[in-house]
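Q: Can you take me through this one? I'd like to begin with the ring pairs.

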Amino acid sequence: MTNEIIKNLLEALQVSPDNIPLRLQVAGMLMTEENFDEATKQYQEVLQRSYGNTKAQSGLAAGYYYQQKFSAAIIVYEQMKESIATADEV
């Protein structure tokens with residue numbers, strides 16, 4: 001059932017590729033289904049369309065972690081940390 005829902009939502013994203021909330025929902029559902037590779041692709045797509053989106057950054061780091069791509073996860077977390085530090089300085 002969930003796979004059918006994800007399939008339908010992915011079709012909706014083809015019509016509306018800039019729908020960030022929908023793309024985040026799909027990525028979250030893919031994470032729940034343990035489809036980490038596809039989830040990270042969706043999170044990357046969000047970040048291309050909405051640079052600095054913290055939900056996408058967190059999801060991307062988690063997706064990398066669950067794929068045991070620890071170095072990539074650390075890099076994303078470090079980037080998040082730098083953005084927070086920069087925002088605090090402003």
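A: The criterion comes first: rings of Phe, Tyr and Trp (its six-membered ring) pair if their centres lie within 6.5 Å, with planes under 30 degrees apart counted as stacked, over 60 as edge-to-face and the rest as tilted. This is a predicted model, in which local features need pLDDT of at least 70 and side-chain atom pairs count only at pLDDT 80 or more, while totals for chains, interfaces and linings use all residues. Residues are numbered from 1 along each chain as its sequence is written, and side-chain values use heavy atoms, with hydrogens and water left out.

Q: OK, how many aromatic pairs does the whole structure have?
A: The search finds 3. In one of them, Tyr65 with Tyr66, the ring centres are 5.5 Å apart and the planes are at 75 degrees, so the pair is edge-to-face.

Q: Which residues end up in the ring cluster?
A: Phe36, Tyr65, Tyr66 and Phe70 are linked by ring pairs. Tyr65 counts as partly exposed, at 47% relative accessibility; buried is under 20% relative accessible area, exposed over 50% and partly exposed in between (1.4 Å probe, protein chains only).

Q: Back up a bit. How many helices and strands?
A: The protein chain has 5 helices and 0 strands, giving the pattern α-α-α-α-α along the sequence. Helices (H or I, at least four residues) and strands (E, at least two) are DSSP runs, numbered from the N terminus. The C-alpha trace spans about 45 × 30 × 15 Å along its principal axes.

Q: And how much of the chain is buried?
A: 34% of its 90 residues.

Q: What's in the largest nonpolar core?
A: That core has 24 residues, and those with the most contacts inside it are Leu24, Val26, Met31, Tyr43, Ala56, Leu60 and Val76. Two or more residues come from each of H1 (2-15), H2 (20-32), H3 (36-49), H4 (54-66) and H5 (70-89). H2 gives the most, with 8 residues. A nonpolar core here is a set of buried Ala, Val, Leu, Ile, Met, Phe, Trp, Tyr and Cys residues joined through side-chain atoms within 4.5 Å.

Q: What does Leu24 touch, sequence neighbours aside?
A: Beyond four places in sequence, Leu24 is in contact (heavy atoms within 4.5 Å) with Tyr43, Val46, Asn53, Lys55 and Ala56.

Q: Gln42 next: buried or exposed?
A: Buried, because its relative accessibility is 10%. Gln42 is in helix H3, and outside four places in sequence its contacts are Leu10, Leu13, Arg23, Val26, Ala27 and Leu30.

Q: Where does Glu33 sit?
A: In the loop between H2 and H3. Glu33 is partly exposed, with a relative accessible area of 35%. Neighbours within four places aside, Glu33 is in contact with Thr2, Asn3 and Ile6. Its C-alpha atom is 8.4 Å from that of Asn3, 30 residues away along the chain.

Q: Changing topic: what lines the largest pocket?
A: Leu47, Tyr51, Gly52, Gln57, Leu60, Val76, Gln79, Glu82 and Ser83. H4 and H5 are the elements that give two or more residues to the lining, and H5 gives the most, with 4. A pocket is an open set of points on a 1 Å grid over the protein atoms alone, where a 1.4 Å probe fits, with protein on both sides within 12 Å along at least five of seven lines; lining residues have an atom within 4 Å of a point.
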